[in-house]
Amino acid sequence: MTKPFIMVAPNGARRGKTDHAALPITAGEIAETAHSCHVAGADGLHLHVRDDQGAHSLEAGRYREAIDEVTRLVPDMRIQITTEAVGIYDVAAQLDCLQQVRPGWASISIREIARAPGLADRVYGACADMGCEVQHILYDTEDVALLQQWQTDGTVRPDQTSVLFVLGRYAAGQVSQPGELDAFLTALPDAPKWMLCAFGPQEHACLIAAMQRGGDARVGFENSLLRADGTLHADNASSVTDLIAGLTV
């Protein structure tokens with residue numbers, strides 16, 4: 001089997017040092033984590049940045065600082081920024097972030113953009129114009145249906161086909177199971193490029209199932225701090241190492 005693309009999501013928008021001492025917050029910490037995860041086998045970084053209080057931020061300057069730090073330390077690692085709203089940012093602010101940062105790769109939740117349908121064409125058009133690869137975040141099959149609708153009417157551009165299936169985000173206790181992937185693959189059977197992330201202690205089991213079926217994987221402390229036995233991973237690099245080891249068993 002060809003090695004799948006493995007992306008690490010080391011912090012997310014909500015967790016902090018009280019959740020795990022090794023969770024990176026500052027640009028320097030994120031870069032060091034990216035380096036250790038790259039050594040462990042991760043190919044890409046899903047980047048969240050924080051403000052001075054440690055809260056989620058879409059501020060362009062903070063993104064540029066973190067991107068520069070990661071690029072300096074790990075020049076071969078692909079960087080994807082998030083546009084996640086986290087109940088703070090509206091679609092206009094998400095669009096502004098994209099236009100100011102001009103990233104090469106961004107994750108965009110289609111249900112978040114649907115909060116302002118009048119801006120949807122501008123969001124996807126801006127990404128197309130600047131050459132930014134879009135990865136659509138899909139939480140359920142209703143999100144899949146909306147993506148297909150926007151692909152049909154041209155809101156989503158023809159080459160914007162990459163998707164991230166998310167398991168467990170809205171489940172009780174944020175727990176996911178490998179079998180939950182089936183609904184996504186049934187709803188979008190011809191996805192040319194898909195990735196999975198999964199919340200909870202079954203994260204690795206879900207990701208291994210996805211990779212065995214031809215998908216890529218997003219792993220890290222944004223989605224789970226825990227091994228299947230309920231113990232904490234030492235750090236993000238340890239989680240990456242364990243995932244790759246589990247894939248080869």
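**Close-up views of a predicted model**

**View 1. F165, F184 and W194 form one aromatic cluster.** In this predicted model, F165 and W194 make an aromatic pair that is tilted, with 5.7 Å from centre to centre and 35° between the planes. The two partners come from distant parts of the chain, since F165 belongs to strand 8 (residues 162-167) and W194 to strand 9 (residues 194-198), 29 residues apart. Both F165 and W194 are buried.

**View 2. Y124 and W150 form an edge-to-face aromatic pair.** By the rule used here, the count of aromatic pairs comes to four. In the pair of Y124 and W150, the ring centres are 6.0 Å apart and the planes stand at 65° to each other. This pair, too, links distant parts of the chain, with Y124 in helix 5 and W150 in helix 6 (residues 141-153), 26 residues apart. Y124 counts as buried because its relative accessibility is 0%, and W150 counts as buried because its value is 7%.

**View 3. The largest nonpolar core holds 67 residues.** The members of this core that touch the most other members are L47, Y124, L138, F165, W194 and L196. Helix 5 (residues 117-130) supplies the largest share of the core, namely seven residues. A second, separate core consists of nine residues, including I137, Y139, L164 and F199. As a general background to such views, nonpolar side chains in soluble globular proteins tend to be buried together.

**View 4. L196 is in contact with residues from elsewhere in the sequence.** When neighbours within four places in sequence are left aside, the contacts of L196 include L164, F165, L167 and L181, and they also include C206, L207 and A210. Among the other residues in contact with L196 are D216, A217 and R218.

**View 5. Two residues, R78 and K193, lie over the ring of W105.** The charged end of R78 sits over this ring at 4.0 Å from its centre, while K193 lies over the face of W105 at 6.0 Å from the ring centre.

**View 6. V86 and R102 each have a positive phi of about 55°.** Most residues other than glycine have a negative phi. V86, which is not a glycine, has a positive one, and its place is in the loop between strand 5 (78-82) and helix 3 (91-101). R102 is likewise not a glycine, and it lies in the loop between helix 3 and strand 6 (105-109). V86 counts as partly exposed because its relative accessibility is 21%, whereas R102 counts as exposed because its value is 54%.

Technical notes. Residues numbered from 1 in each chain as written. Predicted model: local features only at pLDDT ≥ 70, side-chain atom pairs only at ≥ 80, totals over all residues. Heavy atoms only, no water. Helix = DSSP H or I, 4+ residues; strand = E, 2+ residues; numbered from the N terminus. Buried < 20%, exposed > 50% of the residue type's maximum accessible area, 1.4 Å probe, protein only. Core = buried A, V, L, I, M, F, W, Y, C linked by side-chain atoms within 4.5 Å. Contact = heavy atoms within 4.5 Å. Phe/Tyr/Trp six-rings, centres within 6.5 Å; stacked < 30°, edge-to-face > 60°. Lys NZ or Arg CZ within 6 Å of the ring centre and 35° of its normal.
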